[in-house]
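Colleague: I'm new to this one. Can you walk me through it?

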Amino acid sequence: MSKQIVRDDILMRVEKPARYLGGEYNMVVKNTSEMDVRFAMCFPDVYEVGMSHLGIQIIYDYLNRRDDTYCERVYSPWVDMDKEMSENNIELFSLETKTPIKEFDFLGITLQYEMCYTNILQILDLSNIPLLSKDRSEDFPLVIGGGPCAYNAEPIADFFDIFYIGEGEACYYDLIDLYKEHKKKGYNKKKFLEDACQIPGIYVPCFYDIIYNDDNTIKEIKTNNPNAPKKIKKVIANLDEVTYPTKPLVPFIKTVQDRLVLEVQRGCIRECRFCQAGSVYKPLREKSLETLKKTADKMLTSTGYEEISLSSLSTSDYSHLGEFLDYLIDTCNKNYINISLPSLRVDAFSLDVMKKVQDVKKSSITFAPEAGSQRMRNVINKGLTEEDILGGAKQAFQGGWNKIKYYFMLGQPTETIEDIDGIMDLCEKTAELYYETVPKSERHGKCQITASTSFFVPKPFTPFQWARMCTAKEFLDKAKLVNDKLKTLLNKKSIKYNWHESDISVLEGLLARGDRRIGQLLLYIYEKGGIYDAWSEFHNQELWEEAIEELGIDMDFYVHRRRDKDEIFPWDMIDAGVTRDFLWNEWENAINMKVTPNCRMKCSGCGAASYGQGVCFESKS
């Protein structure tokens, strides 16, 4: 294999050359001549974002534990380097060995956020890999996508050979073993794909034809190859049996999440109706306390990080959190290491837990009520009362915090003006609570409440997949109502308000629930120069509007209408482990403001028990 050389003068002209050098601490080094399989793992965003992604670290470690496989990394070149590479005919290369990406066996792309889709085309183009799967011969790597967006990969289906549905540790070795067998026999891409789609969790989009009705809805999803299953079921791993990166990569430059990340559990017991992750990562599976202790010790020894973060969708639901924190505190205090506890629920956020971490380092506390009124929290099944929220805030204030961040979501189904007004009402009550709770002599500065609102995007495999999405104007009108309410508050200097871009949210909705016909839109945008659409400073809304009009894409059809109960979705060839009947029942519960208990309180029969793991089989005694 060849090696791509980037001249020093080019590196001197771009921002942060370390993005392209590799050589980080704990980077895996192997003899490429001894490898049977070369796998390029890609995050389609800038290095600092990609290096912060836990999934990349897990798969990188997992694949490199094989003696016959070398997994290397590649990220989207920043806009300055993209320009230099195009002008100087530099092909995109791996960080480990500087090998051109087109010379690998696999190019694996993680699909975390829809607005990164144009960067996928950038990756392929800079690698001199044909953008469309049908145009690639055996001489090019197999392009495989995985991650949450793979649960509706149809808008990007034409650019990929394979999608992996589920958790990488479950079946990636099977795919690698199959590929080795085919290489020995004489590799033929089509024959390999026919065998690969019989591995659990493997979706080969070219083996599926989509038939449309006259009204543009889907009439039928048909397989065109006898080897392709009608349904591809998500695969999951047993977390105490699979490996975890105890020697994670340590970058030379500051990244978005510049800390150790230790996953304590996967999945969630909550049934938040807007949350795709809560559905597709079911069932909840916890790592044992002993496993976490051993992993934490090895990670702290193998890196020089000053902070460790406990990762999960709802960390406070981990059964042994208190015990594990006691263990970590002893270790981290000795080494002046901070402990970060994201994803904590207000109702489970005990004063005892806060006191455990405050002695190491104190920062703002983040809660996610998601809605300002109790009615809306019942609609979305957040499972929090105002008493829970204010009780958690009070405990935070008593624990020494004076800054609280609240996350809310605007535009959720059935939302009213009263629900929107409730956001600032809750913030005002929280600010007042601080001054009622903390004596003046014990206050550490002024109270600061920050409210941030995102805009609701209906996602596949959630009860809200049938819901309409607001227009950009509707979203902004809602944000204005919140901002106007803020101006009327007497203690407004203690409250700040931020909101997300509405145009980008609507496009996210288009790509989240779109079908294969949306692929032409992405091609149009990229060919006109669009990349880094996840970054507001580079997103070109006028270009997207031009493309939508030019291609005749009906935004009302794709984004702003409510779906019928029996409509065939573009992702209906995928089985995410939750049944359609369960999701529809939850949609009706939302309309009726009926709360569904969490999985530990009562099983709701979502379908995840079919995996035979986790909370579905915990003792209920």
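Modeller: One term before we start: contact means heavy atoms within 4.5 Å. Also, this is a predicted model. Now the chain: among contacts between residues at least 6 apart in sequence, 77% join residues at least 24 apart.

Colleague: OK. How many helices and strands does the protein chain have?

Modeller: There are 20 helices and 19 strands.

Colleague: And why is the chain said to be as compact as a globular protein of that length?

Modeller: Its radius of gyration is 25 Å, and the globule rule gives 25 Å for 621 residues, so the chain is as compact as a globular protein of that length.

Colleague: What does the C-alpha trace span along its principal axes?

Modeller: About 75 × 65 × 55 Å.

Colleague: What share of the residues counts as buried?

Modeller: Of the 621 residues, 60% do. The accessible surface of the chain is about 25600 Å². Carbon and sulfur atoms account for 48% of that surface.

Colleague: Let's switch to helices. At what angle do H6 and H7 cross?

Modeller: Roughly 145°. H6 covers residues 168-185 and H7 covers residues 189-196. Their axes come within 10 Å. The crossing is right-handed.

Colleague: Which residues meet there?

Modeller: H6 brings Leu175, Leu178, Tyr179 and His182. H7 brings Lys191, Phe192, Asp195 and Ala196. By class, this contact has 5 nonpolar, 1 polar and 2 charged residues.

Colleague: New topic: Ser52. Where does it lie?

Modeller: Ser52 sits in the loop between helix H2 (47-50) and helix H3 (54-64).

Colleague: Is Ser52 buried or exposed?

Modeller: Ser52 is buried, because its relative accessible area is 16% and buried means under 20%.

Colleague: Which residues is Ser52 in contact with, leaving aside neighbours within four places in sequence?

Modeller: Thr255, Val256 and Gln257.

Colleague: Now Cys616. Where is that one?

Modeller: Cys616 is in the segment after helix H20, which runs 580-591.

Colleague: Why does Cys616 count as partly exposed?

Modeller: Cys616 has 28% relative accessibility, so it counts as partly exposed. That class lies between the 20% limit for buried and the 50% limit for exposed.

Colleague: What does Cys616 contact, leaving aside neighbours within four places in sequence?

Modeller: Pro283, Ala608 and Ala609.

Colleague: And what separates the C-alpha atoms of Cys616 and Trp78?

Modeller: A distance of 44 Å. Along the chain, Cys616 and Trp78 are 538 residues apart.

Key:
Residues numbered from 1 in each chain as written. Predicted model: local features only at pLDDT ≥ 70, side-chain atom pairs only at ≥ 80, totals over all residues. Heavy atoms only, no water. Axes fitted to C-alpha atoms, helices over the stretch in contact; angles between N-to-C directions. Helix = DSSP H or I, 4+ residues; strand = E, 2+ residues; numbered from the N terminus. Left-handed = near helix turned anticlockwise from the far one by under 90°. Nonpolar A, V, L, I, M, F, W, Y, C, P; charged D, E, K, R; others polar. Rg over C-alpha atoms; globule rule 2.2 N^0.38 Å. Buried < 20%, exposed > 50% of the residue type's maximum accessible area, 1.4 Å probe, protein only. Areas by Shrake-Rupley, 256 points an atom, 1.4 Å probe, with all protein chains shown as cover.
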